Amino acid sequence: MLEEPYRWVEAIRNRREYLEDQLAGASPVIACRYADGLLLLTTTPGPRKIFEAYNQIAFAGVGHPADIEKLRKSVIDIAHLEAFNLSARDVSLQRLVNFGVGPLMKAAFDEIFRSPFIARVMVAELDPTQERETFYTVDADGSFTGADSVAVIAGTPEVADAIRAHLSQDTADQPLKQALRSCVSAWGAGRLRGEAAAEELDEPTSAQITEAITSALESVHLEAAVLDRTLPTKTKFRLLDEPTLAAAADAATDVSGSGS
C-alpha cells in the first residue's frame, strides 16, 4: 500500500466514511458558558460521557464507550504529567489538545493497519487565558476547533449546526437553571434534526421539541456537569444530581409547550 499512494488515499476515504456511519446516531454533548462557569449536558442510556480531567478542565465524548474511556485516561495522564514536570498552572486546554489528544487521534486515524478511535471529544477549561480556548472539539481524524461561548459534538454536522442555531448565545449571563433549560431545549431541536429527512429542514416548533424531549427521556437519561468557579476547592467539576436534571427537563418541556 505504501508503494501505491492512491490506495492509501482510498483507504483513508473509506475509513472516514466508516467513522461517519458509526457516529451518525450519537447523542450530542452540548456545552456553554453560564453565570458561574461552564455547563456540559448530554443524554445517555447508561455509560457516562462527561468527566473531570483536571481541576478546572472537563472532558466529554460521543461514540464507542471503550474509545471514550481510552481517550479520557489519556487526557488525564497527559494533564498529570504536565503538572508533575512543570506545574499545575501549566496544565491548559490548549496544551492538552494541541500536544495530546489531537495528535493521538490523528495518529490512530492515519495508521491504516490500526483501529481508529470511534469517537468525537470535547475538552472545556474554566476561565482560560484566552477566551477563544474555553472549549475545544476534536473530531475522529484529530482535527480540532476552539470556541468561546458554545460548543457541540454530535453524530452529524447537521445536528451540531441545528443545536448551535437553537441555543442562545447569551447563556454566559444566565443562572444555572436557565442555562440548563436552554441546553435541554437545544438538545431536543438537535434530536429532531437528526431524525428528519434531508428535505425536512423547517425550523422545529416548540411543540415538536417538547415531544422529542419527552419521547427520548423514556429510554435515556440526562447527564450534566458544571465547572463551577464558586466552589471553594481546587477541583471545580461537579456532576448535577437527578432532581436538578428532572427539573430542567420539566422546565424545558413546559417552556417549549407554551409556544407554537
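The legends below describe close-up views of a predicted model.

**View 1. The largest nonpolar core of the predicted model and the elements that build it**.
This core holds 31 residues, and among them Leu39, Leu41, Leu180 and Leu240 touch the most other members. At least two core residues come from each of the strands β1 (29-34), β2 (37-44), β8 (150-153) and β9 (221-228), and likewise from each of the helices α4 (157-166), α5 (176-195), α6 (206-216) and α7 (242-257). Helix α5 gives the most to this core, with 8 residues. Apart from this core lies another core, of 23 residues, which includes Phe51, Leu93, Met105 and Phe117. In soluble globular proteins, nonpolar side chains tend to be buried together.

**View 2. The contacts of Leu39**.
When neighbours within four places in sequence are left aside, Leu39 is in contact with Ile30, Ala31, Cys32 and Tyr34, with Leu176, Ala179, Leu180 and Cys183, and also with Ala224, Ala225, Val226 and Leu240. Two of these partners, Leu180 and Leu240, are named together with Leu39 and Leu41 as the members of the largest nonpolar core that touch the most others.

**View 3. Helix α3, with its kink and its buried residues**.
A kink of about 35° lies at Gly102, shortly before the proline Pro103. Gly102 is itself buried, as are Leu93, Leu96, Val97, Gly100, Val101, Met105, Ala108 and Phe109 of this helix. Of these buried residues, Leu93 and Met105 are among the members of the core of 23 residues.

**View 4. The largest pocket and its lining**.
The space in the largest pocket amounts to about 510 Å³. Its lining consists of 29 residues, of which Gly25, Ala26, Ser27, Thr43 and Lys49 lie nearest the pocket centre. At least two lining residues are supplied by each of β2, β4 (57-63), α2 (65-85) and α5, and the largest share of the lining, 5 residues, comes from α5.

**View 5. Ala88 in the loop between α2 and α3**.
Ala88 counts as partly exposed because its relative accessibility is 42%, which falls between the limits of 20% for buried and 50% for exposed residues. Leaving aside neighbours within four places in sequence, Ala88 is in contact with Tyr54 and Ala83. Although Ala88 and Tyr54 are 34 residues apart along the chain, their C-alpha atoms are separated by 9.1 Å.

Conventions: Residues are numbered from 1 along each chain as its sequence is written. This is a predicted model: local features need pLDDT of at least 70, side-chain atom pairs count only at pLDDT 80 or more; totals for chains, interfaces and linings use all residues. Side-chain values use heavy atoms; hydrogens and water are left out. A nonpolar core is a set of buried Ala, Val, Leu, Ile, Met, Phe, Trp, Tyr and Cys residues joined through side-chain atoms within 4.5 Å. Buried means under 20% relative accessible area, exposed over 50%, partly exposed in between (1.4 Å probe, protein chains only). Helices (H or I, at least four residues) and strands (E, at least two) are DSSP runs, numbered from the N terminus. Contact means heavy atoms within 4.5 Å. The bend at a residue is the angle between axes fitted to the seven residues ending there and the seven starting there. On a 1 Å grid over the protein atoms alone, a cavity is a set of points where a 1.4 Å probe fits but cannot get out, and a pocket is an open set with protein on both sides within 12 Å along at least five of seven lines; lining residues have an atom within 4 Å of a point. Grid points are joined across faces, edges and corners, and a volume is the space filled by probe spheres set on the points.
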